[in-house]
Amino acid sequence: MRGLPPGAPTYDELARGLADAEAALEAVAAGAVDALASGHGADAQITALERADSFFVTLVTEMQEAAASMNSGGTVLYANPRFAELLRVPMSRVLGRTLAELTAEAGRPAAQRLLAEAVRGPARGTLELLRGDGGLVPVQVSAAPIAGDQPEVCLVAADLTDLRQAESTMREAEERFRSAFDQAPIGMALLSLDGRFERVNAVMAAITGRPEAQLLGTPLASVLEHSHATALLSRLAGVPGGEQDSTTVEVCYLNADGRGVWVAQSATVIGDADGRAQQILLQVQDIEGQRLHKQQLERQAAIIAFTSESIVSVTPRGEIETCNPSATRLYGYANDELAGERFERLTAPAQREAVAEAFGRAVAGDQVGPLETIRLRKDGSTFDASVTLSPIRDASGEVVRVASVSQDISERKRTAAELQRVSDELARSNADLEQFAYVASHDLSEPLRTVTGFVQLLADRYAANLDDDAREFVAFAVSGTQRMQELLDGLLAYSRAGTMEQRLAEVDCGRTLLRVLSGLESSITDSGTQIDIGELPTVVADPTQIEQLFQNLLANAVKFRAVDGARIRISAEEELDRHVVSIADSGIGIDPEHRERIFKMFQQLHARDEYAGIGAGLAICRQITVRHGGQIWVEETPGGGSTFRFSLPKRSLP
Amino acid sequence: VSLRDADPDGALAPVLVLYIVGGSPASRRAVGNLRGICDELLGSRFTFDVIDLREFPALAGEHNILAVPTLIKERPPPGVRLIGDLSDRARVLHALDLGAA
């Protein structure tokens, strides 16, 4: 056997090529071949035998939907490129596979049913195809039988992924809306366009005071004040869907028990895709609390605006935030001029350190003051002020502001100084007067004694030489000098009661009274006066003066008895901070109009020939009680007579 | 190693490739017939690839393909090629060395 030239096919190759060609011819003759291939490598050409078929092949290849044909067993005999793309696999992995293999396991029975149906006639359905990457593709499938000796089914699949996504997005949106609706902290309701409740949330039910079930289907006007309901519905009529009714209005809902609940309400018309109004969404916020709070704030603001106290609100860093009109007036600034200024500006330079220290304590949480300080006006003038610094805390307890409340006290201070001056002057002039009274009574006594002595001598020794008229005149002169002596003695006693140094000691009033009574014994016995003595306290006082006090009051009581056999009762009551001693007589009594006058010096109610005396006794009594820090007054004794009472403060020895 | 005994996942996994022109009648028949034979005789453990020569025309030259459809059994040896729509079942079984069921 001759060898073949190099590069030529081997014998085996030639033999195989011949066999192939023979098989090909045979197959072509049997109609089992579609196309012939010619050429080598990249130059190979495929020549289809049935030209007419290529038109449909091109159509199917280029169409946008995924298309495939399969036999009655579901084996894919042909698929267009879009089909392979849909499954994200190369075409070689589609052809020859069955529909069941290309379908998600759960969907296989449905795929089989669809196929069986499509063999008999056109069928539609949805399937989930299995992608090469393991994902699923939802598809809408149309399938129909293709007539032929071997039954085939042609199937077109439309990708539903986008649609499904849109559906699930919508479902999610709706779910979100529902949850937002149900969970909203404000009242929400969906109304039909004619104003009936179609859906309400819990807060809405609470605001109307009715359970949800009761609200559904009822008109808005049954829970909202009628005019408000009609106003809302007429305003929304004709508003296209999706437009917010921009105004939030305050309306009043009527609770089931008839109580009104004020709310802030806004409404939105909900429309369909074409903008046609479908429903009304109401959003309702209970503002009952806010209204109360607002009213309270307004009242407080009014108080702050109109109070005469100057109020300045200061940040913890010392900047003035706001102040009320009184403050701008007081410090001489224009309305908003103070805002942002340093707080120190309101204080006189000399006082700034002290005020800064007080301010620091207020920031630390203490209420400081009132402290007296000197404030500075805008024009540089100063005034005395009383300032209180109070910390203002927020909800967490932190000090966020300091309120400075000040009052101009320069007027008060001037008045106090003036009062002090007048009172000092008065005290001085009183002292002068008392000194004068003492000196006068003391110094006048001397010459008076001389006059008295000589007039007395005249009466004693020369009475025989005088005629009746002269004797009478001398008698008048004697009586006059005696009277004058008594007046001077009284004046002296009075001025002594006011000026003598007090020697304080514990004084047993009971014993003092007994001593006084023994001195008065004869006149008491003579007049048959009955004396009752209650329990009397021990007081800290000047013993001599207390004795004189009892002496004068008891002498008066005996003297001004109405008839013989009168009663005098001495008693005492202990009060919280003082003892009150009462001397009640059943005597002639005192007209109410004279009850003040009797305590003045030389004031007498009665003619001298009726009751002796010079009108000094009660004035001295008052002088004594006042010097002891007490009081003396007179009341009517029940059943007639006068009751003198004096009080002495409780005190201990120094 | 016969095709029937080949391990579809093993190192010498069988390679069975059907070359077609997509959509043409004989090609469609060939796909259906091959699948039917495989299912019946080899069970679901076995797959083949279908290559559309309209998509990859160069493969026709590379594999010395004269007419479409052509089925080539590359592994296990011996290599076998069958031209036509594989409707002659007995011949296909014989060529693939599968014997009658």
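Which side chains meet in a salt bridge (2.9 Å, N to O)? In this predicted model, the side chains of B:Arg28 and A:Glu152 form that pair, with nitrogen and oxygen 2.9 Å apart. A salt bridge is taken as a side-chain nitrogen of Lys or Arg within 4 Å of a carboxyl oxygen of Asp or Glu. Between chain A and chain B, 5 salt bridges are counted.

The elements that give two or more residues to the side of chain A that touches chain B are helix H1 (11-29), strand S1 (35-38), helix H2 (51-62), strand S3 (66-71) and strand S4 (76-79) of chain A. Helices (H or I, at least four residues) and strands (E, at least two) are DSSP runs, numbered from the N terminus. H1(A) supplies the largest share of this side, 7 residues. Sorted by class, the side of chain A that touches chain B holds 18 nonpolar, 12 polar and 9 charged residues. Here Ala, Val, Leu, Ile, Met, Phe, Trp, Tyr, Cys and Pro count as nonpolar, Asp, Glu, Lys and Arg as charged, and the others, Gly among them, as polar.

The contact (heavy atoms within 4.5 Å) involves 39 residues from chain A and 37 residues from chain B. About 3000 Å² is buried between the two chains, 56% of it on carbon and sulfur atoms; buried area is the accessible area (1.4 Å probe) that two parts lose on being put together, summed over both.

Chain B contains 3 helices and 5 strands, arranged along the sequence in the pattern β-α-β-α-β-β-β-α. Of its 101 residues, 54% count as buried, where buried means under 20% relative accessible area, exposed over 50%, and partly exposed in between (1.4 Å probe, protein chains only).

Within chain A, A:His628 is located in the loop between helix H17 (617-627) and strand S23 (631-636). A:His628 is buried, since its relative accessible area is 2%. Apart from residues up to four places away in sequence, A:His628 touches A:Gln502, A:Ala541, A:Asp542, A:Gln545, A:Leu648, A:Pro649 and A:Arg651.

Residues are numbered from 1 along each chain as its sequence is written, and chains are lettered from A and ligands numbered from 1 in the order in which they are written. Local features need pLDDT of at least 70, side-chain atom pairs count only at pLDDT 80 or more, and totals for chains, interfaces and linings use all residues, while side-chain values use heavy atoms, with hydrogens and water left out.
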